Amino acid sequence: SVAGEVTAASSDSVVATLLGRGVTPIEILPANDRSPGAALPSVDSAAPRQPRASWWRWRGRSIGAPELLDVIQSLATLLKAGVVIDRAIAIQRDLSSRAAVKDWLASIHTQVREGQALSNAMAERRGVVPPFCIAMIRAGEVGGVLAPVLERLGQLLERTERIRQRVRSALIYPVILAVMILSTLFVVVGIVLPRIESEKKKKAP
């Protein structure tokens, strides 16, 4: 991640400028909120700290990478089509086939209807949505560009998932090869060699 300053009339303009440069903002703060020479605050200072976890899988959780990716991409599509956020969440909840995802989206929908921001609602269940995703969504809400940010986030998660799949596929062949080698050694040492020794003893005068 990088930190820097952009001169603009409003936070909306800052977000639009950064997105136009191909940079997705994680946190936006007025320059006068920092003392001269102070480091830019990290995302952790603006959001509750969540347990560290690989984004594609959270141990003990029933919501994984494919579900999160589907939710993010679907919300981005619905918002770009002009659907309001609470209705978009409800539609995705109804379309989901997994009970765990339905329950999660139902909880988010309830909180959003009560006035909470999407980022805060998603952060409520710790360990499900990675902190960097929460931070990007929060920046999109602040800048009024939630749909483009969700679209960018979906692309990022999709690329990461493809890389994970490639790594896993690349590891399958060595694992299979190692299992075959170990199996062969077991057969040779445990079965073939003892039989050869037994035959030698029988032929010995």
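Predicted model: local features only at pLDDT ≥ 70, side-chain atom pairs only at ≥ 80, totals over all residues.
I started at D94, which is partly exposed at 47% relative accessibility. I then looked for a charged partner and found R93, in a salt bridge with D94, the closest N and O atoms being 3.1 Å apart. R93 comes out partly exposed too, with a relative accessible area of 22%.

Next I checked Q92. I placed it in helix α3, residues 85-95. Buried or exposed? Q92 has a relative accessible area of 4%, so I wrote it down as buried. Who touches Q92, once neighbours within four places in sequence are set aside? I got D70, V71, S74 and L105.

Back to charges. I searched the whole structure for salt bridges, and the search gave five. One that I looked up joins the side chains of E67 and R98, at 2.7 Å from N to O. E67 sits in helix α2 (residues 65-80) and R98 in the loop between α3 and α4, so this pair ties together parts 31 residues apart in sequence.

Last entry: R113 and D86. I found a salt bridge here as well, with the closest N and O atoms 3.6 Å apart. R113 belongs to helix α4 and D86 to helix α3, so the pair links parts that are 27 residues apart in sequence. I have R113 down as exposed, at 57% relative accessibility.

Conventions. Residues numbered from 1 in each chain as written. Heavy atoms only, no water. Helix = DSSP H or I, 4+ residues; strand = E, 2+ residues; numbered from the N terminus. Buried < 20%, exposed > 50% of the residue type's maximum accessible area, 1.4 Å probe, protein only. Contact = heavy atoms within 4.5 Å. Salt bridge = Lys/Arg side-chain N within 4 Å of Asp/Glu carboxyl O.
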